[in-house]
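Please keep the sequence and the model in view while reading.

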Amino acid sequence: MVQVICNTIATRFRMLVDPYVSVTTSSAKKAFIIGVGLFLLTQFCGAFAFVNYTATIFKESGSELDPNISSIVLGMVQIFGTYTSTIFVDRTGRKTLLLISSIGASAGLILMGTYSFFKFQGYALTFLDWVPVVTLSLVIYISSVGILALPYIVLTEVLPSKIRAVGSSFCLVTISISAFVILKAMPILMTTIQLFGCLWLFAGFCILGAIFIALVVPETKGKVLDDDVQVNDKELQPTV
């Protein structure tokens, strides 16, 4: 009887500890790097901050379009972008969409930042009032197609099954903390480096994200993972 109890306790203990022990494996470490990197990109691309500070951003950009109407437009664009992602995610692959999304978002942010810079310098750009709406719509749309939606899919496909719950929880904590930091830092950044500085900063993060995706993130299209399947080291080798 005592032996049965001891065996039961030992089994329960192994079941409890095994996921945390598995975190130290090479495949788990690579998966964690990929997951954390992608989730940081979802916040530091700036799209989440733009959605929350849309009215302020349009006001600071000097656009004469109604900020509240612009907010509604961006919300609709985000929904459409997410829907587009569901159409192409299994056709073009996760990595391709992530790359297109990162590069496209950086281009839109640079363009918007340039407009804001010249506006800040006092140039009369009334004939370009459409630029803030168009460029930020582009950023929100292209971000929703890839870097805002796909990290959740890629994460479950690269994490070994034994640590999928632990890894997913850790990455969700990461995105929550980074979202808090971005939302709190945004007003401060807009005061210190102005709106154009914020936009160029986010563009830089998107470029770094594109490099990270190209060099580190594997293509997981067609990968089916169940409770008995784990991503091994070979499957996590970077593909360019």
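## Helices H2 and H9

H2 and H9 are roughly parallel to each other, a term for angles under 35 degrees, whereas angles over 145 count as roughly antiparallel, 65 to 115 as roughly perpendicular and the rest as oblique. Helix H2 covers residues 26–44, and its axis lies 9 Å from that of H9 at an angle of about 25°. Axes are lines fitted to C-alpha atoms, for helices over the stretch in contact, and angles run from 0 to 180 degrees between N-to-C directions. The crossing of H2 and H9 is right-handed, that is, the near helix is turned clockwise from the far one by less than a right angle.

Residues of H2 in this contact (heavy atoms within 4.5 Å) include Phe-32, Gly-35 and Val-36, and those of H9 include Gly-167, Phe-170 and Ile-182. By class, the contact of H2 with H9 has 10 nonpolar, 6 polar and no charged residues. Here Ala, Val, Leu, Ile, Met, Phe, Trp, Tyr, Cys and Pro count as nonpolar, Asp, Glu, Lys and Arg as charged, and the others, Gly among them, as polar.

## Basis of the model

The model is predicted: local features need pLDDT of at least 70, side-chain atom pairs count only at pLDDT 80 or more, and totals for chains, interfaces and linings use all residues. Residues are numbered from 1 along each chain as its sequence is written, and side-chain values use heavy atoms, with hydrogens and water left out.

## Helices H9 and H10

Helix H9 (residues 164–192) also meets helix H10 (residues 194–215); their axes come within 6 Å and cross at roughly 130°. That angle makes H9 oblique to H10. The crossing of H9 and H10 is right-handed. Among the residues in contact are Ile-182 and Met-186 of H9 and Leu-195 and Phe-202 of H10. This contact of H9 with H10 has 8 nonpolar, 3 polar and no charged residues.

## The chain as a whole

The protein chain has 10 helices and 0 strands; these are DSSP runs, with helices (H or I) of at least four residues and strands (E) of at least two, numbered from the N terminus. Of its 240 residues, 43% count as buried, meaning under 20% relative accessible area, with exposed over 50% and partly exposed in between (1.4 Å probe, protein chains only).

Tyr-115 lies in helix H6 (residues 94–120). Tyr-115 is buried, with a relative accessible area of 5%. The C-alpha atoms of Tyr-115 and Pro-132 are separated by 7.9 Å, although the two are 17 residues apart along the chain.
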